[in-house]
Amino acid sequence: MISFNKYYNQFNILSISLVVISLLFLIFKGLNFGIDFKGGILIELRSTDSKVNVSSLRDRFNQMDLGDVSVKKFGNETDYLIKFENKDNKKNIIEEVKKSLDKSFGNNIDFRRVENVGPKVSAELLNSGIIAISVALALMLIYIWIRFEWQFSLGAICALFHDVIVTLGLFSLLGLEINLSIIAAVLTIVGYSMNDTVVIFDRVRENLRKYADIKIFELTNISINETLSRTLITSITTLLALVSIFIFGGEILKGFSLAMIFGVIFGTYSSIYIANTILVRLNVSQKTILKDEEKN
Amino acid sequence: MLYFSKLKIIFILIISLFLILIASSNLFKFDNSFLKRNINLGLDLQGGSYLLLEIDNKPVIEQKLQNLTITLRDYFKGKNIKLVNFILQNEKILFKVNDKDKQKVLDIFNDKESEINPYYERFKSHQLEIAEENDFLSVIFSKQGLVKLKTSSQEQALEIVRRRIDEVGTNEPNILKRGNDRILVELPGLDDPMRVKTLLGKTANLTFRFVSNNNEDSFGNEKLNYEDEEGSEFVSKRIILSGDNLLDAQPRMDSETNETVVTFSLDRVGAKRFGKATSKGIGRQLAIILDGKIISAPVIQDTIAGGSGQITGGFTFQSATDLALLLRSGALPAPLNIIEERTVGPSLGQDSIDAGIIALVIGFVLVIVFIIVKYKIFGIITNTALIINLILLVGVLTLFEATLTLPGIAGIILTVGMAVDANVLIFERIREELKNEKNRLIAFDSGYSKSKTAILDANITTLLAAIILFFMGSGPIKGFSITLGVGIFTTLFSVYFIARLLTVLYISKNKDKEVVI
């Protein structure tokens, strides 16, 4: 049996610092919002022409006077991703850009993807993203409240907040782009982390019924150990799937799978070192669950 | 939990075989109409354009209020009440009335039987709201009145948008209402939406009006520019003919001048008016105006009585075709703005499919190998269930003809990774039970029943996340939530019916041998 409980305090301090650091990053550095949430235009283009490279594209775009333009390679040697704000809200901006590029590079440029998100839509998308995550957290809270006692739901929610905040903090630190698929990833992380926590909690509750004389400090450790191989196997198979998406699934899914990989790791960690330690700190005992069961 | 009745086994087999058959219809072409189902590929996989259009209702509101001022003035005149100092600004009408009549006007507006201010019983609201504002009375559309107006202009716009897109002839366009002032257009397979965007960007408000001799920007005239050439004309505000009177419009090559023209034919009312105007106005210039710009202003040579004519204006064949198309499909009630556009070219779509399939296969193989190493014979059972799970998932998606997107493929791969969780929970539990329980059957049975709550809880939480994504997300993300959500059900089915059945078969065949998980 591994003594997870020996390090409860140390890891709690670590978790709190991680959350604080993440929050500081989120407040001061902020998130790198993609065009989904900031508005603007994204063009993914492919060209086999040797004249086309990051600097020649950047030159060309700067001449078009579009304001801040970001040009970078996307995936392989022939693909580029260009992003800019459509600050004057011009209607035919994409056609103009296309014409201008065709003029300087010949008709060698293939627009593989074009996204143009107006300011109104991006504000709405951001809003609905925030609502979606909040509703998800609230629903999880309600669900676990129905299924368990309040001490458990507090533990699970703290674990969830930890996972969401630290994942976003890491995105802020690394300057990775936040787009719609990242919101999907965060919601899936919420589901996954909850899932992991619930399995351990289920065992904690079962053991609370079984052993009246074991203190919660020991009991959580027993429960973590009993479910440990399941926790690890599921995390590993999920990570295998995610790493496969990350490496082979193409550029578009990179951010999504990376967020999920972070989330699964944090989720596994938090169900052991956050959710359980809160039970310990709230001094949950057999009485806690029996009181509730008598009521019913 | 280990006992399966014959009936149950048959039931499981029927469902599985049915879904496997449905899933296979993606690979083979069946003649049977029920089996002729396919998973739809989302725009991000097959390529295509997604356009979100917003209707700019401001001109409509202002036009309605403009008309209303005249109605109000006339209506109250009939009641011997004089309304004066009409001002129209910010979607609001202001006017003055002397103090003794004020209350009367207010009463007429707020009367449920009011002739000029319809009352919507269902919403407990009038169409218009009247209020006192300094010396003035102000009239605006009520919230409900605005909703009515917006829905009706959305309805009209949707119809026109549909006609225009149908004329372009893209395959299976998807045109839907969003809210009360937006229209969503999905155009699969269209990699350059430029033409559609140009067509949708035009209101196509066509009018025929006389060029005025009076060169003044006065009450009855306005100065309009030519569409592409330099120059402008003063034209009368009086409309001789509008696009509503058109029956048909076609691009033609004029054999005499060798010029591309648009010919049109008019309905009976239009033909009559056109005949009258052209007979009276011989020698005058008749301006043909589209969306506030003059296309051309030919001099009337002769009376045109047949109800048909042609528009010249230096067209190319393409622009004549587009103009004819716009005229045939009718004018939009209000201008449309494209507020969101997402276009994926077919080459990227195919690359995404390829990458998605490679990721799926590799993820799948990794998980399968890991599980076999970990659980040996029960690994084979888990993997069999996993493979069937995947086929069932495809089967359900096919049955409902769901749309598969790139994030949707990611959802399938993720399902593969998470689906083994339930079997792992069960097998780990059985392992524990076997430590204390000599009777294998009892150990297996309690392994299944004791792990049930944890499995249910775990899957419900993921399902909740998927449901929220389904309602909040758009397009590709929705596809992710669908595969994730459906995956939960097929996972539970494959774990509790297929894997359990295989487990039962295995342990009852090996009753006398040692079973190791």
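Let me start with one pair of residues across the two chains: E115(A) has R342(B) as its bridge partner, and R342(B) lies in strand 20 of chain B, where helices (H or I, at least four residues) and strands (E, at least two) are DSSP runs numbered from the N terminus. What you see is a predicted model, in which local features need pLDDT of at least 70 and side-chain atom pairs count only at pLDDT 80 or more, while totals for chains, interfaces and linings use all residues. Residues are numbered from 1 along each chain as its sequence is written, and chains are lettered from A and ligands numbered from 1 in the order in which they are written.

To stay with that strand pair, strand 5 of chain A and strand 20 of chain B, residues 336–344, run antiparallel and are joined by 5 bridges; two strands are said to pair if DSSP finds at least two bridges between them.

Strand 5 of chain A is mostly covered, since 7 of its 8 residues are buried, a residue being buried if 20 or more other C-beta atoms, placed from the backbone, lie within 10 Å of its own.

Turning to the interface as a whole, 56 residues of chain A are in contact with 53 residues of chain B, contact meaning that the C-beta atoms of two residues, placed from the backbone, lie within 7 Å. Among the elements of chain A that each supply at least two residues to this side are strand 5 (110–117), helix 5 (119–147) and helix 7 (180–210), while the largest share, 14 residues, comes from helix 8 of chain A. By residue type, the side of chain A that touches chain B divides into 29 nonpolar, 15 polar and 12 charged.

Finally, chain A overall: there are 10 helices and 6 strands, and buried residues make up 46% of the 296 residues. The C-alpha atoms of chain A fill a box of roughly 80 × 35 × 30 Å, taken along the principal axes. Of the contacts in chain A with a separation of 6 or more, 77% are between residues 24 or more positions apart.

Conventions: A residue is buried if 20 or more other C-beta atoms lie within 10 Å of its own, exposed if 12 or fewer, and partly exposed in between; C-beta atoms are placed from the backbone. Ala, Val, Leu, Ile, Met, Phe, Trp, Tyr, Cys and Pro count as nonpolar, Asp, Glu, Lys and Arg as charged, and the others, Gly among them, as polar.
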